[in-house]
Amino acid sequence: MKDLTLGRIRAYWLGSVVCFGGFLFGYDSGVLTLKSFETDYRYGSDAGTRTNSLSVGLQQLGAFVACFLAWPLTDKLGRKKALMLSALVFAIGAVIQTVNTHSLTAFYIARVIAGLGLGSATVVVPMFNSEMMPKELRGQVGSFFQWFYTFGIFVSYFVDYGVSKGISPTQSSQWQIPIGLQLVPAAFLGFGVLTLPESTRWLTKKGRHDEAWNSLQWIRADSSQVTVDEMEEIRLGVESDTRATEGFQFKELLQGENFRRIFAAFAVFTAQQATGATAFAYFGPQYFKLIVGSGDRSLLVTAIFGAVKVVACGIFVLFFSERLSRRQVLIGGAIVMGACQVTTAAVVKSFPAPAEQEATVSPPAIATIALVYLFVVAYNFSWGPMPWPYVSEIFSARIREPGIAIGVASQWLWNFVFSLTTPYMIASLGWGTFLLWGIFDLVIAAATFFLLKETRGLSLEHIAKSRFRPHSSSDESMK
């Protein structure tokens, strides 16, 4: 007998546990280096841009490398053990960062170590989610990753704001508290996966069919003929992929349909970073200084910005993620974001922010903040959450691990590039930074129309068998 309520609860629980990797990613993205950090690590404000860029960029570099390490790791150990190991590696890096070593070199090394754990988690999480979710929940629960990411950033913004207002910049605890708190989500992720079964599809791939059946029964809360048929479809799909060629070779990724999917995964995550939203996540206060001027008001506006992201992404995940097609969401979101960014550039150019914080915020600044908030709402209705489930569902079981690894690696690669260059873009381009993101967004909308296939409501096995064409019918199979 099928217990729909219990099955849904278990699906949501699995998604929530593994997507704490997204919370970890988000919280770490929002952590700032404060004045007390400058004092303890003995560098001046003139070196602040370089230090911030390296602190963020080196972690992205570690995460990029980890994507390719996670691929064989999760294939050998399984999804659960790979996530536990990822959480442990991240925690080691976070502990070293929290200790006041007075050495930027040690801090940078710790950022790379934490990046290795974080990067591997971002490969395994969407893989685990897609392999365990029923097709009617795959988009929604897959989007939990972005929702938890926004929660992480939101919490970090208010922690930063709280310690900057409540703890003296002469005390090391001002920067140690925000960084040390990274250990909490890492622990939840590492220990939380102990409550979950291993991936059904991974167990099937390894020939552990009894364990695979138990895993599927648990996540569906059902052992009826419907679940028996699903298990058989999974088994046949995995066996078909395994028989296609004995012994996986890297060159398979460059062949025909496989290459189309690999290219799509790389392009989707590249586009996610090129929207400009991640740059806002890392350097929100610097962006808002272009609008409201210097002072702690930019930190508060950034914190509210974080709250808007949480609410917007939550509304999308809970009410719209499985009601709108993937293509509609991505194309429409990019168009709205482009319009917001171009308009923001025009307003900031025409009404520059004051050099110092004024008693009240000017009407042009209020209008600009509203445009930026509208931009982030559009992002969290589209390019924020949707790439994670989309990329995880377009590959066959045979190339899912390397395919997702390459897609997520592109996310970290461009994350690294933009996090390293954004402070300099803001300093040199000013309002032109908004214009640049706007142009990128409009190009992304056009590229999505011509490149991406619709996948909503289809099983992973069906998607794997059909041709990857933007306007092909859902039942057009590969010959």
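1. Let's start with helix α5 (residues 79-98) and helix α9 (residues 173-180), whose axes lie 9 Å apart and form an angle of about 175 degrees. α5 is therefore roughly antiparallel to α9. Some terms: axes are lines fitted to C-alpha atoms, for helices over the stretch in contact, and angles run from 0 to 180 degrees between N-to-C directions. Angles under 35 degrees count as roughly parallel, over 145 as roughly antiparallel, 65 to 115 as roughly perpendicular and the rest as oblique. On the α5 side, A94, Q97 and T98 take part in the contact (heavy atoms within 4.5 Å), and on the α9 side W175, Q176, I179 and G180 do. By class, these residues are three nonpolar, four polar and no charged. Here Ala, Val, Leu, Ile, Met, Phe, Trp, Tyr, Cys and Pro count as nonpolar, Asp, Glu, Lys and Arg as charged, and the others, Gly among them, as polar.

2. A word on the source: this is a predicted model, in which local features need pLDDT of at least 70 and side-chain atom pairs count only at pLDDT 80 or more, while totals for chains, interfaces and linings use all residues. Residues are numbered from 1 along each chain as its sequence is written, and side-chain values use heavy atoms, leaving out hydrogens and water.

3. Now for the whole chain, which has 22 helices and zero strands. Both are DSSP runs numbered from the N terminus (helices: H or I, at least four residues; strands: E, at least two). Of its 479 residues, 57% count as buried; buried means under 20% relative accessible area, exposed over 50%, and partly exposed in between (1.4 Å probe, protein chains only).

4. Another helix pair to look at is α20 (residues 400-429) and α21 (residues 432-451), with axes that come within 8 Å and cross at roughly 130 degrees. The two are therefore oblique to each other. F418, T422, M425, I426 and L429 of α20 meet G432, T433, L436, W437 and F440 of α21.

5. Where is E252? You will find E252 in the loop between α13 (225-244) and α14 (256-274). E252 is buried, at 7% relative accessible area. Its side chain makes a polar contact of 2.9 Å with the side chain of R398. A polar contact is a pair of N or O atoms within 3.5 Å; within protein, one must be able to donate a hydrogen and the other to accept it, and residues adjacent in sequence count only if both atoms are side-chain atoms.

6. Finally, S168 sits in the loop between α8 (144-166) and α9. S168 is partly exposed, with 28% relative accessibility.
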